[in-house]
Amino acid sequence: MPEYHTSPGTRDILAPDSTRWRALVDVFARVVERAGFGQIIPPMFEDLGVFLRLGEATDIVTKEMYDFEDKGGRRVALRPEMTAGVVRAFVQHRPLLPWKAWYAGPNFRYEKAQQGRYRQFDQVGVEVLGVDDPNLDAEVIALAWEFYGQLGLRQVRLVMNSLGEPEDRARYVDALRDYFTRNEDALTPESRQTLLRNPLRVLDSKREHDAAVVAGAPVIADFYSESAAAHFATVLAGLDRLGIPYEVRPSLVRGLDYYRKTTFEFVGAALEASQNAVGGGGRYDGLAEDLGGPATPGIGFALGVDRTLLECDAEGVFDAPSRNVSVFVVDVTGGQEALSITHDLRGAAISCDRAYEGRSMKSQMKAADRSGAGYALIIGGDELANGTVTLRPLAGQAGDDRTQISIPRTDLIPTLKRVLPS
RNA sequence: GUGGCCGUAGCUCAAUUGGUAGAGCGACAGGUUGUGGUCCUGUAGGUCGCGGGUUCGAUUCCCGUCGGUCACCCCA
């Protein structure tokens with residue numbers, strides 16, 4: 001047993017998983033950069049106050065934050081999500097509107113880990129500041145939808161809701177509090193606790209016992225102002241126009257307090273676990289102002305990289321791309337030839353690897369096979385004397401022709417350039 | 001944070017009704033001395049998660065602890 005291992009809720013991601021991971025981020029970047037988004041790389045920790053804006057009733061803030069005092073006496077916290085930091089960056093730099101930013105990176109929450117839920121977890125996402133247009137809501141959702149499609153996912157479902165304007169939401173929360181208080185006896189003790197902190201979240205209860213009461217609760221749609229109703233209707237019409245299927249679920253309330261108007265969630269149909277929300281987002285029109293900036297509308301989403309990959313596994317799509325070297329150098333003359341040949345090939349942009357420690361040819365050939373390389377480049381005593389190398393096709397090459405050929409050392413790179421798939 | 005289940009070689013798992021453990025895969029080395037992927041043989045690799053208790057003796061029983069997993073909570 002090793003003395004040290006990863007902390008709870010953290011893990012190492014090795015190749016080939018890391019290759020797949022990066023490929024997923026590449027797909028995301030391609031999709032959103034096509035839509036005019038530029039990447040932002042914000043710091044992983046910020047002044048604690050930035051994150052307190054997420055809401056005093058949320059567990060993310062009250063229980064799960066990695067906050068600490070640094071050596072200079074500053075109260076800082078590892079970011080528990082991306083939106084607050086990105087909006088802080090907006091307020092700090094005041095880029096031209098509309099500002100479209102995308103990101104990828106880890107967030108930190110002190111939670112008990114389970115599958116699809118980690119203390120350090122990665123998200124990819126976008127934020128757009130400065131546009132109130134409901135068409136943007138549809139566009140942003142469509143980008144996430146396109147991303148899932150590019151990965152090959154077909155069973156992700158989109159769930160839509162609107163929380164209305166802040167005043168609508170406030171009146172709704174009051175009505176909800178009244179309703180649940182009247183029916184308190186029928187609620188589980190846990191939900192009664194939640195009711196005191198945040199009545200909205202009672203709607204999220206997964207306990208069977210609460211189901212009946214929750215089903216009879218007031219519906220947010222009845223509290224929409226005219227403008228909020230119109231905004232939401234236009235968003236849904238936009239989705240219809242783009243052919244993106246969705247389900248409106250009035251009980252969808254997301255965990256962060258800053259959401260208003262449009263909210264949405266992507267649910268992985270293939271995931272059995274309760275951690276089946278693979279992504280989510282919404283509008284946060286008041287957040288920039290809360291962080292000391294001008295009143296600026298905003299919308300964005302965050303998608304969990306782990307959960308998305310789990311969904312890919314469940315649907316059997318987006319396999320790890322193989323990143324093999326093209327050539328494997330087998331040198332049975334001591335290894336000096338392999339040293340210079342691999343150096344030369346890499347200089348000519350031909351990927352290659354080799355075996356070390358003067359192993360037997362058999363052993364080196366095994367290593368060549370395992371490397372996935374298309375060709376073994378063999379240097380023995382004869383080749384060394386002749387100034388040649390032997391090129392042997394390995395498994396995985398087109399056709400069954402495994403005839404090996406002898407090439408003058410001087411022709412090696414041109415020959416490989418001709419033979420290798422580019 | 002609360003509760004259920006689990007923790008044996010790098011990986012997937014056996015076994016021991018308490019007498020210090022095996023297999024498959026993988027790794028490494030051979031199979032008449034320059035050729036892999038199949039096959040055969042062999043070798044290495046485990047303080048049976050960690051600590052304490054009961055016992056002549058514990059990997060096996062008990063307690064604690066750490067880690068994993070599932071549900072709740074929360075959320076991506």
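Which helices and strands each supply at least two residues of the surface near RNA strand B?

Analyst: First, the ground rules. This is a predicted model, where local features need pLDDT of at least 70 and side-chain atom pairs count only at pLDDT 80 or more, while totals for chains, interfaces and linings use all residues. Residues are numbered from 1 along each chain as its sequence is written, chains are lettered from A and ligands numbered from 1 in the order in which they are written, and side-chain values use heavy atoms, leaving out hydrogens and water.

On to your question: α3 (59-62), β6 (120-129), β10 (277-283), β11 (298-304), α14 (361-371) and α15 (381-386) each contribute at least two residues. Those labels are DSSP runs numbered from the N terminus: helices are H or I with at least four residues, strands are E with at least two. α14 gives the largest share, seven residues.

Altogether, 50 residues surround RNA strand B, and the closest are Gln 115, Arg 201, Arg 254, Asp 369 and Asp 382. "Near" here means that a residue has a heavy atom within 4 Å of the strand. The surface splits into 20 charged, 15 polar and 15 nonpolar residues, where Asp, Glu, Lys and Arg count as charged, Ala, Val, Leu, Ile, Met, Phe, Trp, Tyr, Cys and Pro as nonpolar, and the others, Gly among them, as polar.

Asp 369 puts a polar side-chain atom 2.5 Å from a base nitrogen of RNA strand B. With Glu 64, the partner is a sugar or linking oxygen, 3.2 Å from a side-chain N or O atom.

Back in α14, Ser 371 is worth a stop. Ser 371 counts as buried at 18% relative accessibility, the cut-offs being under 20% relative accessible area for buried, over 50% for exposed and partly exposed in between (1.4 Å probe, protein chains only). Its side chain reaches the backbone oxygen of Ala 368 at 2.7 Å, and a polar atom of the Ser 371 side chain lies 3.1 Å from the backbone nitrogen of Ala 373.

For context, there's also α12 (residues 305-315): eight of its eleven residues are buried, so the helix is largely enclosed by the rest of the structure. Among the buried ones are Arg 307, Glu 311 and Cys 312, with Cys 312 at 0% relative accessibility. Gly 316 follows α12 and has a positive phi, near 70°. Cys 352 is buried too, at 6%, and the disulfide count is zero, taking a disulfide as a pair of cysteine sulfur atoms within 2.5 Å.

Zooming out, an automatic or database assignment gives chain A domain 1 (17-165 + 224-315), domain 2 (171-217) and domain 3 (327-419). The C-alpha centres of domain 1 and domain 3 are 49 Å apart.

How values were computed
A polar contact is a pair of N or O atoms within 3.5 Å; within protein, one must be able to donate a hydrogen and the other to accept it, and residues adjacent in sequence count only if both atoms are side-chain atoms.
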